[in-house]
Amino acid sequence: MSRRGAISTGVTAVAAVVLLGVCLWHGSVDIPAGEVWRALTGGDVSREAWRVIVTESRLPMALTALFAGAGLSVAGLQLQTAFDNPLAGPSILGVSTGGSLGVALVMLAMGGSVAGVGGSIGAIAGALAGSGAVLAVLIGMSRVVKSGAMLLIAGIMVGYLASSAISLLGFFATARGLQGFVVWGLGTFSSTGFDRLWWLAAPVGLFLAASMLLVKPMDALLLGERYAASMGVNVRRIRGTLIVVSGVLTASVTAFCGPVGFLGLAVPHIARFVTGSSAHGTLLPATAMAGAGTGLLCAVLTTIPTAGVLPVNAITPMVGVPVILYIILCRRRLHYFN
Amino acid sequence: MAGYSRRKVTAPLDLELEGGTLTVLLGANGCGKSTLLRTLCGNQRPMEGSVEICGRDIRRMSGQELARYTSLVCTERQMAGGLTVAETVALGRQPHTGFFGRLSATDRRVTEEAMEAMGIAEMRDRHTATLSDGERQKTMIARALAQATPLIVLDEPTSFLDVASRLDVMALLGRLARDGKTILLSTHDVGEALCVADSAWLMSDGRIESGSVAELRESGAFGRLFADRGIVFDSAAGDYRIQG
């Protein structure tokens, strides 16, 4: 890792830690920072309600945002490298929506309410199946469609198709179930309690670690298939592995947080911008850190209104879209950073 | 030989490359040059027959093993502008490094030597996005050099280059061959290539005529290559021109 890469990854990690602190401290109820610290470390808190708010509401939400942000961002980086396309990402390629359709099907099968479904094993299985189906379609199309732009449009179309199927399913859901599903569909970091957090943290943590094992062939893929093959990389196998890993990351997050948009697309570019590198040994950890930080930033922004919590997908475009537009408008950067 | 849609593109071939020589592969577009080179690099399996490098059949090698015998430079424009020149050249060490691709002292030394040999050592910290086409192609050749293979295959490496860079690259390739590398190069820049080539493979109508450049000149084989299209070989200039 270059000096700049190491420093910038460190700075990103510090920023993520600071945002974690802000996320725990800030909320609709004013709790002094010292009390938050005591609640977390098991000290005496002046009000019992504060302890409950910090440990049972804010901490799980912050950790969910952290893992969701890191997982989606690394999934985005993997898709960008696998499809050799700087504008690929789990939401734009319809992978998140596919996962969401899977969850909707499970929800219907389980009686039409998402309340008991979000983050359950059934939802995870449904999300995996849905995301997997979309990725399978994309792999099939990528064999035929050689243009990256056309593949993106195909992905967007598949996403729309899944959305439409979700709307149709909503017709059969109970009114309460539908409301729950709509809220979940707008993205949420706050539906995960501590009891279920492991189901998010374990697969995301595991597959993030596994991603580090793919750094060498990912670097080779940066030069294009032909060069990668000439350097001994089994291109088809690596691409397949990357797509499966990114699919599991996306599905795990989607099962808990709903189809969260833009993070996977934008954060790898933020990481490239900060580290000034495309080399995955630097870029992948930086993307994970920046993803965790961005997830936490979005979580903080959703708690700005004093009453209630904003949906995550109301915030992520405000963070993601400027980044993407900047990349597109500066064509040179597009070339430079991928 | 396997072509697009499994069409046989050539009659039976029996060709040999001698170590430490530069061989240029000439032929019209679509005659199967790239297919031949892909087969030689193991990108594509031959429909029948075998390719041996240093006496070993490439069909019995894993991709990683083959990558220690053959390296490739092609026209494909690499998109990874965010890698530095040194990082790109060091990618050539991949067949020799371990699972995580960590560079040993030897890997760093070989990378450094490859950059020196291509005259790009001073730009080692520049992002490849900021390079000119010529500089970028030299970086890719340095990467192939760092791969430390006996054979380097180049598929039209000079297509995007201006005259000066073309000559520059050809001269560098000639020097590599003199230093012991075996080089096979397909190109349309006949004049520049013949200045440095030891031998040639002329591909047309599914046949390949091979021999040293001097032999082929003498036998008139260069002249026959594009004769049906009214193109003649000017032996004095060492290049093709329109008949007239």
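This is a predicted model: local features need pLDDT of at least 70, side-chain atom pairs count only at pLDDT 80 or more; totals for chains, interfaces and linings use all residues.

Student: Is Glu156(B) buried, partly exposed or exposed, and what is its phi?
Tutor: A residue needs 20 or more other C-beta atoms within 10 Å to be buried, and 12 or fewer to be exposed. Glu156(B) has 18 such atoms, so it is partly exposed. Most residues other than glycine have a negative phi. Glu156(B), by contrast, is a residue other than glycine with a positive phi, near 45°.

Student: Where does Ala148(B) lie, and what is its phi?
Tutor: Ala148(B) lies in the loop between α5 (133–146) and β5 of chain B. Ala148(B) has 18 other C-beta atoms within 10 Å and is therefore partly exposed. Although Ala148(B) is not a glycine, its phi is positive, at about 55°.

Student: What is the handedness of the crossover from β5(B) to β6(B)?
Tutor: Strands β5(B) and β6(B) pair in the parallel sense over 5 bridges. Within this pairing, Leu151(B) has Thr182(B) as its bridge partner. The chain passes from β5(B) through helix α6(B) to β6(B), and this β-α-β crossover is right-handed.

Student: How many bridges join β1(B) to β6(B)?
Tutor: Strand β1 of chain B spans residues 22–27 and runs parallel to β6(B). One of the pairs is Leu22(B) with Ile183(B), its bridge partner in β6(B). The number of bridges joining the two strands is 4.

Student: How many residues of β6(B) are buried, and which of them lie on each side?
Tutor: Strand β6(B), residues 182–186, is mostly covered, with 5 of its 5 residues buried. Both of its faces are covered. One side carries Thr182(B), Leu184(B) and Ser186(B), and the other carries Ile183(B) and Leu185(B).

Student: Which residue takes a positive phi in the hairpin of β9(B) and β10(B)?
Tutor: Strands β9(B), residues 231–234, and β10(B), residues 239–242, pair in the antiparallel sense over 4 bridges. Asp234(B) has Asp239(B) as its bridge partner in β10(B). The hairpin has 4 residues between the strands, and the residue with a positive phi, near 70°, is Gly238(B).

Student: What radius of gyration does chain B have?
Tutor: Chain B contains 9 helices and 10 strands, and its C-alpha atoms fill a box of roughly 55 × 40 × 30 Å along the principal axes. Of its 244 residues, 43% count as buried. Among contacts between residues at least 6 apart in sequence, 67% join residues at least 24 apart. A compact globule of 244 residues would have a radius of gyration near 18 Å, and chain B agrees with this, at 18 Å.

Student: Is Ser34(B) buried or exposed?
Tutor: Ser34(B) is found in helix α1 of chain B, residues 33–41. The threshold for a buried residue is 20 or more other C-beta atoms within 10 Å. Ser34(B) has 20 C-beta neighbours inside that distance, so it counts as buried.

Student: Which residues touch the most other members of the largest nonpolar core?
Tutor: This core has 159 residues. Its largest share, 16 residues, comes from helix α3 of chain A, residues 48–82. The residues that touch the most other members are Ala62(A), Ala65(A) and Leu296(A).

Student: Why is Leu296(A) counted as buried?
Tutor: Leu296(A) lies in helix α13 of chain A, residues 280–302. Beyond its neighbours within four places in sequence, its contacts include Ala16(A), Leu19(A), Ala62(A) and Gly69(A). Leu296(A) counts as buried because its C-beta neighbours inside 10 Å number 29.

Conventions:
Residues are numbered from 1 along each chain as its sequence is written. Chains are lettered from A and ligands numbered from 1 in the order in which they are written. Two residues are in contact if their C-beta atoms, placed from the backbone, lie within 7 Å. Two strands pair if DSSP finds at least two bridges between them. A crossover is right-handed if, with the strands pointing away from the viewer, the path from the first strand over the helix to the second runs clockwise. The radius of gyration is taken over C-alpha atoms; the globule rule is 2.2 Å times the number of residues to the power 0.38. A nonpolar core is a set of buried Ala, Val, Leu, Ile, Met, Phe, Trp, Tyr and Cys residues joined through C-beta atoms within 7 Å.
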